Amino acid sequence: MFLGKALGPLLAVIGLVLLSFAVQAQDAQQSGVGVEAWGQTALEAERVLNNPAATDAELDAVRARIAIDRSQARTIVETGSVEARALRAQLEVLGPAPDDPASEPEPLRKQREELSLALAKADVPVVQAEMAFRRADTLIKELDHRIRGLNNTQLLSGGPSPLLPTAWVAAATEGLEMLKVATWTTGQAFTGPVDQLVQRLFRAFLLIAGGTFILVVGYRGMLRRFETTLIDTPHKARRAALIGASYAARFVVPAIGGYLIVGGLFALGIGTMAEDTVGAVLILTPFAVIGAHWLGTVAFAPSAPALRFVTVSDETARAGRRYCDGLGWTLVAGAVVEAAKQAFRFTPEALSVFAAIVVLMGSFFLWNLAKVLLLAKDQAEEVPARDGLLSQSVLNAIARLMQLSVVAAIVASLVGYTQLAQQALFPMILSLGLVVISLMLQAIIVAAIHGFMGIRKSKNTSLSGLVPVIVGIAVFLISLPLYAMVWGARTTDLSEAWILASEGVDLGGVRLSANALIVLIMVFAIGLFLTRWLQSFLEISVLPKTRMDTGGRNAVVTGVGYLGVTAAALLAVSLAGLNLSNLAIVAGALSVGIGFGLQAVVSNFVSGIILLVERPVKEGDWIEVAGQTGIVRKIAVRSTRIETFDRHDVIVPNSELITGVVKNMMLSSKSGRIIVPVGVGFDSDLDRVRDLLLAAARDHNGVLAQPAPLVMFMGIGEYALNFELRCFVGDVTSGALIRSDLFFDIFRDLRRSGIEIPFPQRDVQVRPKPQPRRTTRKPAARNTKQA
């Protein structure tokens with residue numbers, strides 16, 4: 001049983017693919033012969049279901065036949081009859097029948113009746129196929145229920161406990177008997193004529209020697225060559241290809257050597273004992289042992305810490321690979337026990353002991369491997385982790401599941417539930433192999449994408465972290481069927497799941513199926529990729545050669561992005577075959593209520609489109625809006641980001657830029673006027689002051705010659721004569737700096753010319769404090785009271 005579990009996923013995938021091709025290759029018959037054949041298969045299925053003693057093999061065989069009949073009937077139901085489709089097209093030309101048949105012209109009425117009768121006859125095969133499909137689908141569900149019941153009964157069937165002393169006595173006795181038979185059978189391989197024996201020994205020697213040479217010498221030389229080439233290859237795309245080739249060669253080359261040795265053993269005549277059970281074990285052994293060693297090398301990479309999937313020290317990594325090797329030998333031990341069950345008649349007691357030994361062996365290696373994964377948490381600071389792979393929380397979860405599986409397998413084995421113990425242990429071992437293979441594929445694909453698209457961690461931080469996550473999810477979804485088969489799912493279960501996904505579910509009149517979703521995602525992804533490529537092409541190769549400014553280029557690139565995404569979405573929906581007409585009514589009703597809540601968002605969105613089309617404000621403009629002044633850095637769909645001169649980011653809704661008052665200092669040109677106020681003393685030479693101010697303006701490189709600078713006498717102030725130097729600069733954004741330079745030059749020139757630069761003056765008069773007056777007061781008269 002375990003041998004089937006070890007090779008089951010691979011054989012199941014191959015069988016599922018071949019079955020799908022076989023079903024597609026068969027032409028469905030739309031005649032009475034096909035309906036009759038479907039009826040006979042259905043009757044046979046009903047007979048098997050009514051038989052309580054039907055075996056698992058009989059149920060599987062009849063299920064496979066009726067599944068083919070159901071697929072044929074489903075094809076007829078979906079495609080329909082060509083004749084019926086033609087007749088329906090003709091009836092559509094005639095239009096709907098009137099309420100009063102007498103009102104219709106006689107020729108049209110007769111033609112409608114003839115077409116309706118012919119359509120009813122043409123639909124007979126479709127109706128029969130629909131009935132056969134429903135019958136077959138019901139029988140398949142009953143068969144699946146029956147098969148699952150048998151599997152569960154077999155899985156939960158108990159036996160004698162291996163803790164009983166009698167079980168060990170039976171195991172020792174029957175094991176020795178099996179070894180005697182195996183030794184005698186192996187010795188028979190060396191009997192026969194001497195010349196034939198010599199030829200067989202020579203062929204076996206060549207094969208075994210060649211396999212040993214590949215394993216010992218060729219494999220190590222290949223690893224050294226790969227390591228040297230990887231060090232000398234800086235290009236990421238080529239490096240990814242070399243890493244993938246290295247991973248593949250690490251398995252293929254030792255497998256070739258191992259199977260050469262197996263071929264040598266077959267040349268000797270070993271492997272023909274008891275219906276080729278020994279041969280089956282020999283075929284599985286290189287695959288299990290070399291595969292486990294390869295998976296351990298890929299996961300832990302003791303000699304290459306940079307390629308290590310688990311962040312542990314070198315010593316711990318070597319221990320992890322040894323435990324992986326032990327799991328490979330556990331698979332071989334399980335295959336030996338299964339092969340021995342087929343070749344010899346063991347008692348249940350002996351089988352429980354043999355199964356318990358294999359379970360304990362696998363539990364030891366699996367438990368220690370879980371401890372290695374848990375050590376990654378403590379050693380993560382010592383060893384740098386690889387980005388985008390398994391996080392420590394995921395590793396801890398996997399390790400805990402492994403330990404739980406070990407405990408369940410040991411307990412089930414000790415109480416006599418051998419099949420349940422194997423179901424708890426061996427699928428976990430195979431699942432670990434799938435996890436490592438998935439991580440390897442993820443690493444290769446991510447490295448290839450980074451190399452092809454030129455993504456660097458230092459420059460594209462967010463993108464370099466997002467790509468491994470997306471690739472990891474995609475690899476996991478693709479490998480889900482393999483995980484399902486490892487844990488006991490049959491190919492028929494997967495085919496039923498695929499049929500259910502293909503049929504889809506009806507949501508509001510829209511049928512969502514796996515095929516439609518795959519087409520939708522792929523078409524939209526391709527459209528999005530082409531849109532991004534077109535944007536990059538325009539931005540790098542086309543627009544720089546035009547006379548458009550930076551804002552115009554950004555507007556074109558953004559507009560192309562909006563149009564491309566919209567077109568990709570519409571095309572994806574159309575090619576996926578999704579009919580959204582039924583959802584239009586619901587969307588229309590919801591839009592009324594949602595419109596009030598999203599009124600501001602829609603207003604800002606429309607305003608953003610107007611900004612990109614009319615371009616009253618462009619990226620890089622110096623504007624003043626809603627009390628904020630700064631440089632426009634980005635115009636998005638909903639809002640515009642302005643960077644103030646204090647380096648603060650201000651988010652302004654786009655509707656403010658359309659409906660409000662916006663002062664754009666750079667709309668028509670970047671030139672602008674600056675004013676430099678200057679005050680001089682009352683005794684200054686006015687002509688000399690004007691000449692100095694004009695000279696300072698003409699000498700500055702940032703001041704434009706046309707329009708010419710101008711000096712205005714603005715009036716007589718309280719303490720100075722007020723002048724203004726008015727001049728135009730080529731870049732208004734540097735106006736403050738030019739104004740500062742002019743102040744420096746004017747102050748220096750006025751000082752050199754002896755012209756006074758006055759400051760506010762006030763005359764202060766100090767007056768003495770007035771003395772208070774002295775007044776003479778008469779004493780008040782005293783009122784005396786005489787007694």
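Is F476 buried, exposed or partly exposed? F476 counts as partly exposed, because its relative accessibility is 46%. The legends below describe close-up views of a predicted model.

**View 1. Helices α3 and α6 pack against each other.** Helix α3 covers residues 56-79, and helix α6 covers residues 124-155. Two packed helices are described by the angle between their axes and the distance between the axes. For α3 and α6 the angle is about 155° and the axes are 8 Å apart. Angles over 145 degrees count as roughly antiparallel, and α3 and α6 are therefore roughly antiparallel to each other. Their crossing is left-handed. Sorted by class, the residues in the contact of α3 with α6 are 18 nonpolar, nine charged and one polar.

**View 2. F476 and Y483 form a tilted aromatic pair.** A pair of aromatic rings is described by the distance of the centres and the angle of the planes. A search of the whole structure finds nine aromatic pairs. In the pair of F476 and Y483, the ring centres lie 6.2 Å apart and the planes meet at 45°, so the pair is classed as tilted. F476 is partly exposed at 46% relative accessibility, whereas Y483 has a relative accessible area of 16% and is therefore buried. The cut-off for buried is under 20% relative accessible area.

**View 3. W533 and F537 form a stacked aromatic pair.** The distance between the ring centres of W533 and F537 is 5.6 Å, with 10° between the planes. Both residues belong to helix α17, which spans residues 514-542. Because W533 and F537 are four residues apart in this helix, about one helical turn separates them. F537 has a relative accessible area of 36% and so counts as partly exposed.

**View 4. Three aromatic residues form one cluster.** The members of this aromatic cluster are F251, F287 and W294.

**View 5. Strands β8, β10 and β9 make up an open sheet.** The sheet has three strands in the order β8-β10-β9, and their pairing is antiparallel. Strands β8 (672-680) and β9 (710-716) are the edge strands, each pairing on one side only. From one strand to the next, the twist averages 25°.

**View 6. Strands β8 and β10 are joined by bridges.** Strand β10 comprises residues 721-729 and runs antiparallel to β8. Nine bridges join the two strands. V680 stands opposite L721 in β10.

How values were computed. Residues are numbered from 1 along each chain as its sequence is written. This is a predicted model: local features need pLDDT of at least 70, side-chain atom pairs count only at pLDDT 80 or more; totals for chains, interfaces and linings use all residues. Side-chain values use heavy atoms; hydrogens and water are left out. Axes are lines fitted to C-alpha atoms, for helices over the stretch in contact, and angles run from 0 to 180 degrees between N-to-C directions. Angles under 35 degrees count as roughly parallel, over 145 as roughly antiparallel, 65 to 115 as roughly perpendicular and the rest as oblique. A crossing is left-handed if the near helix is turned anticlockwise from the far one by less than a right angle, and right-handed if clockwise. Ala, Val, Leu, Ile, Met, Phe, Trp, Tyr, Cys and Pro count as nonpolar, Asp, Glu, Lys and Arg as charged, and the others, Gly among them, as polar. Rings of Phe, Tyr and Trp (its six-membered ring) pair if their centres lie within 6.5 Å; planes under 30 degrees apart count as stacked, over 60 as edge-to-face and the rest as tilted. Buried means under 20% relative accessible area, exposed over 50%, partly exposed in between (1.4 Å probe, protein chains only). Two strands pair if DSSP finds at least two bridges between them.
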